[in-house]
Amino acid sequence: MKRSVLTRYRAMAYITAVMLLVLCACMVFKYGFGIGKDLTLVVAQVHGVLYIIYLIFAFDLGSKARWPFGKLLWVLISGTIPTAAFFVERKVVREVAPLLAEAAPEPVKV
């Protein structure tokens, strides 16, 4: 597996998690204080598009790492739970890092 697969997943996990937190804050302002209705709509749409990209990258990583369906489903759903993507991303990196090390080619000795 290429390192770029893990890098894409990590970037989208962080971006999606941050946007979800921003969306939660916007919803507190919208429903709690009655302000920011238009901003909440924009942030929700942006988060939706980013979440779809996250799903694609997470599914790509899961298929290349040959995860069982339950684990793949948990990683995919973690983008919908505030702060969960941060913790799941760290766990995924620890589990996938050895797969990258095994796939790394050995340097050529002259």
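Contact here means heavy atoms within 4.5 Å. The model is a predicted one: local features need pLDDT of at least 70, side-chain atom pairs count only at pLDDT 80 or more, and totals for chains, interfaces and linings use all residues. Residues are numbered from 1 along each chain as its sequence is written, and side-chain values use heavy atoms, with hydrogens and water left out.

**Exercise 1. Find where alanine 17 sits, and list what it touches.**

Step 1. Begin with the helices, which are DSSP runs (H or I, at least four residues) numbered from the N terminus. Alanine 17 has its place in helix 1.

Step 2. Now check accessibility, where buried means under 20% relative accessible area, exposed over 50%, and partly exposed in between (1.4 Å probe, protein chains only). With a relative accessible area of 4%, alanine 17 is buried.

Step 3. Leave out residues up to four places away in sequence, and alanine 17 touches Ala85 and Phe86.

Step 4. For a sense of distance, take proline 68: its C-alpha is 23 Å from that of alanine 17, and the two residues are 51 apart in sequence.

**Exercise 2. How many salt bridges are there in the whole structure, and which parts does the pair arginine 8 and aspartate 60 tie together?**

Step 1. Recall that side chains of opposite charge can pair when their charged atoms come close. The cut-off for a salt bridge is a side-chain nitrogen of Lys or Arg within 4 Å of a carboxyl oxygen of Asp or Glu. A search of the whole structure gives four.

Step 2. In one of them, arginine 8 meets aspartate 60 at 2.6 Å, N to O. Arginine 8 belongs to helix 1 (residues 3–33) and aspartate 60 to helix 2 (residues 37–65), so this pair links parts 52 residues apart in sequence.

Step 3. Compare the two partners: arginine 8 is partly exposed at 33%, whereas aspartate 60 is buried at 19%.

Step 4. Another salt bridge joins arginine 10 to glutamate 89 at 2.5 Å, N to O. Here helix 1 is tied to helix 4 (residues 84–103), because arginine 10 lies in the former and glutamate 89 in the latter, 79 residues apart in sequence. Arginine 10 is partly exposed at 35%, and glutamate 89 is buried at 1%.

**Exercise 3. Describe how helix 2 and helix 3 pack against each other.**

Step 1. Name the arrangement: under 35 degrees is roughly parallel, over 145 roughly antiparallel, 65 to 115 roughly perpendicular, and the rest oblique. Helix 2 is therefore roughly antiparallel to helix 3.

Step 2. List the residues in contact. Helix 2 contributes Tyr51, Tyr54, Leu55, Ala58, Phe59 and Gly62, while helix 3 contributes Leu72, Val75, Leu76 and Ile77.

Step 3. Follow one of these, valine 75. Neighbours within four places in sequence aside, valine 75 is in contact with Tyr9, Tyr54, Ala58, Trp67, Val88 and Val92.

How values were computed:
Helix = DSSP H or I, 4+ residues; strand = E, 2+ residues; numbered from the N terminus. Axes fitted to C-alpha atoms, helices over the stretch in contact; angles between N-to-C directions.
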